[in-house]
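Hi,

Here is the model I promised to pass on.

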Amino acid sequence: MMQSRRIDPLLRRAQEHEDSVARDLAERQQTLTLQESRLEELRQYAEEYANSQMAATSPAQLANRRAFLDRIDQALKQQLQTVDRSRANVDIERDRLLLASRDKQVLEQLAASYRVQEKQIVDRRDQREMDDLGARRARLAATATQEGDA
């Protein structure tokens with residue numbers, strides 16, 4: 001079996017792995033986009049609530065408003081951490097995709113190198129056969145010429 005044919009299953013597996021990692025990256029990127037969107041919505045809500053002119057008629061209402069603003073602030077911090085984790089996951093998947101792509105590229109280059117070597121071998125064999133055929137024809141022609149002269 002030719003070396004280039006033996007590497008084909010490895011190439012298929014490398015392509016499948018690269019495709020799988022690319023799908024994972026797309027999912028992570030989609031999650032990041034969703035988390036960033038949620039963060040932005042939460043920021044807008046916090047800003048709107050903080051800027052609203054609610055009439056606080058008692059110290060208890062002021063305390064409740066302050067407590068709610070604190071909860072919103074805490075939610076913002078948690079969402080920011082979620083966004084940061086999502087970004088880290090995207091970066092990890094991007095690195096995995098880069099490695100998978102490099103692995104596949106190395107195998108493709110190896111297969112191409114094997115194909116070039118195999119073609120050179122076939123070309124040399126064909127050339128030898130042509131040379132042998134030419135030499136036989138020359139010998140036959142020389143023999144025929146000698147027999148015709150005799």
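Below is what turned up, starting with the ground rules.

This is a predicted model, so to speak for itself: local features need pLDDT of at least 70, side-chain atom pairs count only at pLDDT 80 or more, and totals for chains, interfaces and linings use all residues. Residues are numbered from 1 along each chain as its sequence is written, and side-chain values use heavy atoms, with hydrogens and water left out.Let's begin with the packing between helices (DSSP runs of H or I, at least four residues, numbered from the N terminus). Alanine 111 sits in helix H2, residues 59-149, and is buried at 0% relative accessibility. The cut-offs here are under 20% relative accessible area for buried, over 50% for exposed and partly exposed in between, with a 1.4 Å probe and protein chains only. Beyond its neighbours within four places in sequence, alanine 111 is in contact (heavy atoms within 4.5 Å) with Ser4, Ile7 and Leu11.

Setting aside neighbours within four places in sequence, glutamate 18 is in contact with Leu97, Ala100, Ser101 and Lys104. Glu18 also belongs to a salt-bridge network with Lys104 and Glu108.

On to the salt bridges (a side-chain nitrogen of Lys or Arg within 4 Å of a carboxyl oxygen of Asp or Glu). The count comes to 10. In one of them, aspartate 24 meets arginine 96 at 3.8 Å, N to O. Aspartate 24 is in helix H1 and arginine 96 in helix H2, so this pair ties together parts 72 residues apart in sequence. Both ends are partly exposed: aspartate 24 at 21% and arginine 96 at 34%.

Finally, the surface: Glu40, Glu41, Glu47 and Glu48 form a negative patch. Patches take residues with over 30% relative accessible area and no salt bridge, like charges being joined within 9 Å. Glutamate 48 lies in helix H1, residues 3-51, and is exposed, with a relative accessible area of 56%.

Cheers

Key. Patch = residues over 30% accessible without salt bridge, like charges linked within 9 Å, V, L, I, M, F, W, Y side chains within 5 Å. Areas by Shrake-Rupley, 256 points an atom, 1.4 Å probe, with all protein chains shown as cover. Lys, Arg positive; Asp, Glu negative; His and termini not counted. Charge placed at Lys NZ, Arg CZ, Asp CG, Glu CD. Helix = DSSP H or I, 4+ residues; strand = E, 2+ residues; numbered from the N terminus.
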